[in-house]
Amino acid sequence: MALVTPAFAQDAGDAAKTQAKDDLGDSEIIVTAQRTAQSVQDVPIPITVVGADQLRAQGVQEINDLGRTVSSLKLAENPGGSGGGGYIRGVGTFSRSRAAEPSVGIVVDGVVQGLTNIRNLSDVARVEVLRGPQGTLFGQSVSAGVINITTIAPDYDKFSGTISTELSFDDFAGSNYGKQQIRAAVNVPIAGFAGLRVSGYGVRTQGVLENIYLGNKDYRREWGVRGRFKAELAPGFTLNLAAEYNSEDRGNGYFLALRDTGLLNAATGTLTQPAPPAGVVASNYDRVRYCGVNPNINNFEICSDAPSAQTYRTQGYSGEFDLDLGGGLSLTSITAYRKLATSTQNDIDNLPEALDLTSVHSGLTSDYDQFTQEIRLASDMSKPLSFTLGGFYFISHVDSVAGPSAGAYTRIYTRKGSLPIATCFPVSTNALCNTFIVPGAYDNFQSWYTRNTSVFGELRYHPGQFTVFAGGRYNIAKVGFDGTTVNTANNATTTASMRLSDNDFSWRIGAEYEIDRNLMLFSTVSRGYKNAQISPLQNTTPAQAVSPEIPTSFEAGIKSSWLNGRLLVNLSAFYTSVKNYQGSRCDVDIATQSTTCNPFNIPKIITKGIEGDIFGRVGDHLKLNASFTFNPVLYPDNFLAQDGTNMGGTQLADAARFTASFYGDYDFALTSKVDGFLGFDISYKSEERLSDLSNSRYFIYKGHAIVGARVGAKMGDSWRLALFVNNLFNQNSPQQFASLANQDTTRAPNIAWGVYNTSRGLRQVGLQASLNF
């Protein structure tokens with residue numbers, strides 16, 4: 001568990017009213033992990049809950065920051081493009097395809113996010129992380145788990161609001177990048193039976209990457225607004241309406257930086273610099289360093305003259321009604337529509353044209369929309385026999401364009417290699433510097449759809465201390481793809497069309513035994529499902545079917561309460577076998593020097609391990625949260641890396657074997673009205689493979705810990721002021737290793753290596769302030 005401050009009700013409005021009551025002995029922690037309100041200690045699922053106070057104190061403002069609070073969770077961005085993904089217990093999908101299905105589902109206020117995932121955690125009351133397959137009750141793309149987010153709901157009773165800011169600046173007070181943000185929310189009651197809550201945020205980030213050629217730094221500008229209206233229109237009938245819009249722009253970076261150049265010896269993990277090909281004066285090594293970049297694993301510098309920009313526009317609308325039918329029965333309906341539009345352009349080769357022998361620039365636009373409808377009938381869970389029944393419908397469409405029509409290009413310089421570097425860099429003094437050919441560049445016009453229809457239910461029997469339950473979901477999935485590629489050199493056209501359909505039954509059975517009010521044992525067996533995908537026709541790569549991912553999981557655990565309910569201690573063990581695990585790989589198209597990224601199947605992986613959590617209060621002043629996950633998850637025997645080396649029996653990429661997190665907060669009286677506080681957090685992960693390019697240890701990053709601290713003062717719920725530091729020791733934490741375009745006129749093998757470093761690997765020092773009214 002990872003809760004410092006409890007969330008108190010199924011509706012976050014009630015949680016907001018009682019945020020001051022953060023003593024776990026005073027109130028139960030209520031979650032909706034089983035689609036109904038329950039005490040977290042009564043839920044037979046390994047679950048982590050992160051409250052609003054902890055999110056604020058640790059500076060967790062984005063979905064990708066949640067990994068700092070939950071040891072079993074990893075969230076990753078795709079460098080310079082849409083996609084990314086989540087991992088729970090090492091199982092997940094790092095999606096680089098516009099239509100790839102995630103393994104970790106994100107649900108916000110009951111709405112499945114699909115590929116339009118919430119990015120900014122603004123006005124959030126709590127986050128629940130459910131570990132293991134959750135297909136019975138959550139359905140769509142949850143084969144590894146669910147991140148269930150609840151925003152703060154409108155309050156019928158009083159006018160209120162909040163405003164907060166966090167300020168840090170690049171190269172100021174020890175901060176190695178800058179971030180300035182402001183958040184605000186206002187609640188307006190309406191006639192005692194309704195309420196309107198409007199929240200918004202604005203964020204600017206700069207200085208993570210520096211372009212030494214142009215002399216500028218990267219930037220990220222975000223803003224968003226959300227409105228929620230809630231009304232009790234009649235006794236037992238509640239209506240919830242919500243709308244949101246989010247905008248994000250990035251530029252001058254947010255892409256791979258150069259890590260090194262050279263031919264890799266997979267056995268030793270060492271690099272050797274090859275001699276340049278005949279007629280080429282300067283090698284790959286020479287050209288990279290001539291620009292002034294010092295390639296290394298901690299590189300946060302790039303050298304580029306090409307535009308690098310990404311835009312994201314997300315909007316969503318939802319309507320929910322809850323109807324009390326009497327007799328302990330309730331009916332819930334959630335209807336939602338979401339849309340995401342993206343545009344990305346990146347300098348793939350990482351060098352200015354004046355140094356390039358191979359210049360590669362990407363271009364991509366995509367439009368995604370989805371519609372979901374869920375209806376659910378539930379009975380009173382306090383009764384000996386209870387049930388949940390429902391139906392779910394999901395349909396999504398993706399249209400994308402990649403290639404010259406979206407701004408991409410590739411140029412191979414035919415004569416520049418024979419000239420001294422100084423002839424062309426930084427200013428061209430010879431016409432041959434600009435003599436190039438354009439290889440067979442391809443326009444890719446792609447369209448996908450996914451349609452899922454399902455019915456689900458779960459029955460629970462609770463005659464006393466012992467509870468048994470069983471549930472299932474029958475799902476009908478249909479996936480379609482239509483694509484066209486056009487070779488812009490000769491207008492040759494290739495088309496592909498593919499349709500897949502599948503019917504599946506996922507299920508969960510289990511039992512729990514309440515020894516006494518402070519101790520509960522549970523055990524479950526579940527089978528999940530993640531539907532098939534279609535790897536698209538792209539450049540010269542044909543469309544291919546990717547089989548459904550089927551996990552079967554065995555879980556057992558103990559949940560206990562100590563110190564009169566103030567301290568909660570939970571342990572669980574798990575064993576999950578995943579058939580047709582859906583991974584993702586990127587390959588360089590030799591003819592065009594462009595990169596194609598597509599999903600593929602690994603026949604079987606097994607993840608097994610133990611997890612432990614302790615959280616709550618010790619005494620009246622110390623709040624703490626500690627968790628760990630030990631998780632060996634291995635490639636199957638004889639699984640081959642992209643270079644052909646055998647990775648069988650090694651730890652899966654993007655899955656550290658051991659992870660742990662700790663959060664502590666100690667408060668003390670400064671005056672009769674003002675309290676001081678000291679906070680400390682640490683996140684640790686053991687060594688981790690960050691690519692399946694090779695079995696070489698060159699692609700494994702060392703184990704490391706990231707430490708944060710804060711000190712400040714507060715007056716009840718009125719105001720809070722703190723100085724903070726994230727990543728106190730400036731410990732780098734790379735997210736991904738990859739290959740880059742070569743600069744010696746050869747197309748293969750790879751001799752240029754990239755690293756994706758993010759703000760997580762930089763120290764941030766700043767000021768936090770908040771005011772409630």
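Q: How many salt bridges does the count come to by this rule?
A: The count is 32 salt bridges. The rule asks for a side-chain nitrogen of Lys or Arg within 4 Å of a carboxyl oxygen of Asp or Glu. This is a predicted model, where local features need pLDDT of at least 70, side-chain atom pairs count only at pLDDT 80 or more, and totals for chains, interfaces and linings use all residues. Residues are numbered from 1 along each chain as its sequence is written, and side-chain values use heavy atoms, with hydrogens and water left out.

Q: What makes Lys217 and Asp170 a salt bridge?
A: Their N to O distance is 2.4 Å. The cut-off is 4 Å, so the pair qualifies. Lys217 lies in strand S14 and Asp170 in the loop between strands S11 and S12, so the pair ties together parts that are 47 residues apart in sequence. Strands here are DSSP runs of E, at least two residues, numbered from the N terminus.

Q: Why is Asp170 called buried?
A: Its relative accessible area is 19%. Buried means under 20%, exposed over 50%, partly exposed in between (1.4 Å probe, protein chains only). Asp170 is therefore buried.

Q: Why is Lys217 called partly exposed?
A: Lys217 has a relative accessible area of 31%.

Terms used: Helices (H or I, at least four residues) and strands (E, at least two) are DSSP runs, numbered from the N terminus.
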